[in-house]
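Welcome! Have a look at the structure below, and then we will walk through it topic by topic.

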Amino acid sequence: CTATNVVGSVSATANVFVQVPPNITSPAAGFTYTVNSPDPVTFQCTASGIPPPLITFYNSYELLNSTVDPRIIISDPITGSVTIGQQNVSTTSRSLTINSTEDSDSDDYACVASNQGVTTLYSNQTFQLVVQLLPTITTPPANLTVIQLNSINLTCGASGVPTPNITWWRTWSNGISTQLSDGQNIS
């Protein structure tokens, strides 16, 4: 601004800082990652904003870090920029890797981007992890001795993710197997 009168003029300047709220561009909202245990999984989170966003990861509202669980690796931030309209906006990318995934890792996760200017602004994106587990027999069928022509009932229980299908087979004395039925019980 400039103030002028008959004696002269004086000027002053001010800088205007434009804060651009963080915007998470990946992962997509509601994305589901599926992985087979014990394979690793990596989540990539990218956000833009001014000043450059800080990216953190959460699981069940708890901040994730490598010191709590050595299977968790959070990458150092990678910064860049992108032009939106005529404005150059900073970008930050960060990844979360979970090595040796297990059943307890199946949950909702969040990528949170924040930047600090006059106020702290936040953006978050949630995604889901489903860890598939190899089937295990939880209730094996019991060996039975039965009198010819009497009926029997065999039960087999199994767990896994996704839920396994149970199929019954009979192996004949010549080594050939025949599928009998599907289901937990056979009579």
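Is C156 buried or exposed? C156 counts as buried, because its relative accessibility is 8%; buried means under 20% relative accessible area, exposed means over 50%, and partly exposed is in between, with a 1.4 Å probe and protein chains only. C1, by contrast, counts as exposed at 73% relative accessibility.

Please keep in mind that this is a predicted model, where local features need pLDDT of at least 70 and side-chain atom pairs count only at pLDDT 80 or more, while totals for chains, interfaces and linings use all residues. Residues are numbered from 1 along each chain as its sequence is written, and side-chain values use heavy atoms, with hydrogens and water left out.

**The disulfide**

- A search of the whole structure finds one disulfide, a term for a pair of cysteine sulfur atoms within 2.5 Å.
- The partners are C45 and C111, with sulfur atoms 1.6 Å apart.
- This pair links distant parts of the chain, since C45 sits in strand β5 (residues 41-50) and C111 in strand β11, 66 residues apart.
- Strands are DSSP runs of E with at least two residues, helices are runs of H or I with at least four, and both are numbered from the N terminus.
- The torsion about the S-S bond of C45 and C111 is about -50°, so the disulfide is left-handed.
- Both C45 and C111 are buried.

**A salt-bridge network**

- Side chains of opposite charge can pair when their charged atoms come close.
- The count comes to three salt bridges, each being a side-chain nitrogen of Lys or Arg within 4 Å of a carboxyl oxygen of Asp or Glu.
- R71 pairs with D69, the closest N and O atoms being 3.0 Å apart; R71 is buried at 17% relative accessibility, and D69 is buried at 18%.
- R71 also pairs with E102, where the closest N and O atoms are 4.0 Å apart.
- R71 lies in the loop between β7 (62-63) and β8, and E102 in the loop between β10 and β11, so this pair ties together parts that are 31 residues apart in sequence.
- E102 counts as partly exposed, at 36% relative accessibility.
- D105 forms a salt bridge with R71 as well, with closest N and O atoms 2.8 Å apart.
- Salt bridges that share partners join D69, R71, E102 and D105 into one network.
- D105 is buried, with a relative accessible area of 7%.

**Nonpolar cores**

- A nonpolar core is a set of buried Ala, Val, Leu, Ile, Met, Phe, Trp, Tyr and Cys residues joined through side-chain atoms within 4.5 Å.
- Of the 20 residues in the largest core, F43, F57, L96 and L129 touch the most other members.
- The largest share of this core, four residues, comes from β5.
- Leaving aside neighbours within four places in sequence, F43 is in contact (heavy atoms within 4.5 Å) with residues including Y33, F57, L96 and L129.
- A second, separate core has five residues, among them L154, I166, W168 and I186.

**One more buried residue**

- S114 lies in strand β11 (residues 107-116) and is buried, with a relative accessible area of 15%.
- Not counting residues up to four places away in sequence, S114 touches P22, P52, P53, L54, T120, L121 and Y122.
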